[in-house]
Amino acid sequence: FLPMCGRSASAVRPHLAALRSMTLCGLWHAPNPGWVLWGLLHGAGLSVHQAWTVWLRKRFALKKKLAASIPVRVVATALTFHFVALTWVFVAIDPWRLAPSVKYLGLLLGVG
């Protein structure tokens with residue numbers, strides 16, 4: 001990840017590096033649509049985390065208060081766990097076809 005990011009003042013470059021590196025991790029597992037989507041989603045998750053971290057750095061008092069809050073930490077852990085667990089659907093059902101995974105996610109989330 002770091003070699004792709006480099007030392008740049010660009011605010012976009014770390015987000016693109018996260019997307020690229022995690023997509024490559026997905027391709028490393030297997031070159032099929034399920035693993036590529038898994039990598040893209042994890043790269044997007046890392047990008048959101050990076051944006052959140054940068055936003056919080058500018059608000060030190062809020063960052064300190066959130067870090068000390070047990071309910072906030074529990075919710076953050078639960079969100080991370082569910083995000084990771086839901087992305088496994090794309091590789092667990094049929095990594096060569098995304099439609100069954102999307103259908104299954106819809107059933108899990110009560111849509112369709």
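Helix α3 buries Gly 34, Trp 35, Trp 38, Gly 39, His 42, Gly 43, Ser 47, Gln 50 and Leu 56, where buried means under 20% relative accessible area, exposed over 50% and partly exposed in between (1.4 Å probe, protein chains only). This is a predicted model, in which local features need pLDDT of at least 70 and side-chain atom pairs count only at pLDDT 80 or more, while totals for chains, interfaces and linings use all residues. Residues are numbered from 1 along each chain as its sequence is written, and side-chain values use heavy atoms, with hydrogens and water left out.

The cover over the buried residues of α3 includes α2 (13-29), α4 (60-68), α5 and α6. Helices here are DSSP runs (H or I, at least four residues), numbered from the N terminus. The 25 residues of α3 should span 36 Å at 1.5 Å a residue, and its end C-alpha atoms are 36 Å apart, which agrees; the expected span is 1.5 Å times one less than the number of residues.

The structure holds four aromatic pairs, a pair being rings of Phe, Tyr and Trp (its six-membered ring) with centres within 6.5 Å; planes under 30 degrees apart count as stacked, over 60 as edge-to-face and the rest as tilted. The ring centres of Trp 35 and Trp 88 lie 5.6 Å apart with planes at 90°, so this pair is edge-to-face. It links distant parts of the chain, for Trp 35 belongs to helix α3 (residues 33-57) and Trp 88 to the loop between α5 (70-87) and α6 (89-92), 53 residues apart. Trp 35 is buried at a relative accessible area of 13%, whereas Trp 88, at 38%, counts as partly exposed.

Trp 88 also pairs with Trp 38: their ring centres are 5.6 Å apart and their planes at 45°, so the pair is tilted. Because Trp 38 lies in α3 and Trp 88 in the loop between α5 and α6, this pair ties together parts that are 50 residues apart in sequence. Trp 38 is buried, with a relative accessible area of 8%. Trp 35, Trp 38 and Trp 88 form one aromatic cluster.

Helix α3 also contributes to the largest pocket. Of the 20 residues that line this pocket, His 49, Trp 52, Ala 76, Leu 79 and Thr 80 lie nearest its centre. Helices α3, α4 and α5 each give two or more residues to the lining, and the largest share, nine residues, comes from α3.

Note on methods
Contact means heavy atoms within 4.5 Å. On a 1 Å grid over the protein atoms alone, a cavity is a set of points where a 1.4 Å probe fits but cannot get out, and a pocket is an open set with protein on both sides within 12 Å along at least five of seven lines; lining residues have an atom within 4 Å of a point.
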